[in-house]
Amino acid sequence: MRKSYRVKSEQDFQNVFENGESVANRAFVIYVLPKSQNQHFRVGISVGKKVGHTAVVRNRLKRYIRAVLTENRDRIDPRLDFLVIARPYARDFDWEKTRDNLLHALNLAHVIEKTPNK
């Protein structure tokens, strides 16, 4: 996923966090803020130390999240800025569990339409 698809600045991150709507499941919290001037969606990913004390664990989960978003890029509403925040429940997730839980959370937040059958 290219850097233009990321919420990078602290100001943008805080704007989505403070003004966006939030939806959560056990593994992820999604904050969504509509931005009509966007040409494509932007996402911020946060995996804190409560999720994994080592950078290896946190970075693996971030890679999984980015891979799921890249895989489903065409299904994501382009007029959104959103944040994906991992909860400690997601600590030991493999690729499939991360994918299923993240798609569920994105569906609840209306970032994507209903997930297709496997």
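First, some ground rules. This is a predicted model, where local features need pLDDT of at least 70, side-chain atom pairs count only at pLDDT 80 or more, and totals for chains, interfaces and linings use all residues. Residues are numbered from 1 along each chain as its sequence is written, and side-chain values use heavy atoms, with hydrogens and water left out.

**Stop 1: strand β2.** Select residues 28-34, which are β2; strands here are DSSP runs of E, at least two residues, and helices are runs of H or I, at least four, numbered from the N terminus. Six of the seven residues of β2 are buried, so the rest of the structure largely encloses this strand. Buried means under 20% relative accessible area with a 1.4 Å probe, protein chains only.

(Two strands pair if DSSP finds at least two bridges.) A hairpin of three residues joins β1 to β2, and A24 sits opposite V29 in β2. Next bring in β4, residues 80-86, which pairs with β2 in the antiparallel sense over seven bridges. There, Y31 stands opposite L83.

**Stop 2: the cores.** Which residues have the most contacts inside the largest nonpolar core? Select F28, I30, F82 and V111, out of 27 residues in that core. At least two core residues come from each of β2, α2, β4 and α3 (95-108). A nonpolar core is a set of buried Ala, Val, Leu, Ile, Met, Phe, Trp, Tyr and Cys residues joined through side-chain atoms within 4.5 Å.

Zoom in on F28: its contacts (heavy atoms within 4.5 Å) include V23, I65, V84 and L102, leaving out residues up to four places away in sequence.

**Stop 3: the largest pocket.** Select R6, V7, F13, V43, G44, I45, V47, K62 and R66, which line the largest pocket. β3 (42-46) and α2 (55-71) are the elements giving two or more residues to this lining, and β3 gives the most, with three.

A pocket, on a 1 Å grid over the protein atoms alone, is an open set of points with protein on both sides within 12 Å along at least five of seven lines; lining residues have an atom within 4 Å of a point.

Terms used. Buried means under 20% relative accessible area, exposed over 50%, partly exposed in between (1.4 Å probe, protein chains only). On a 1 Å grid over the protein atoms alone, a cavity is a set of points where a 1.4 Å probe fits but cannot get out, and a pocket is an open set with protein on both sides within 12 Å along at least five of seven lines; lining residues have an atom within 4 Å of a point.
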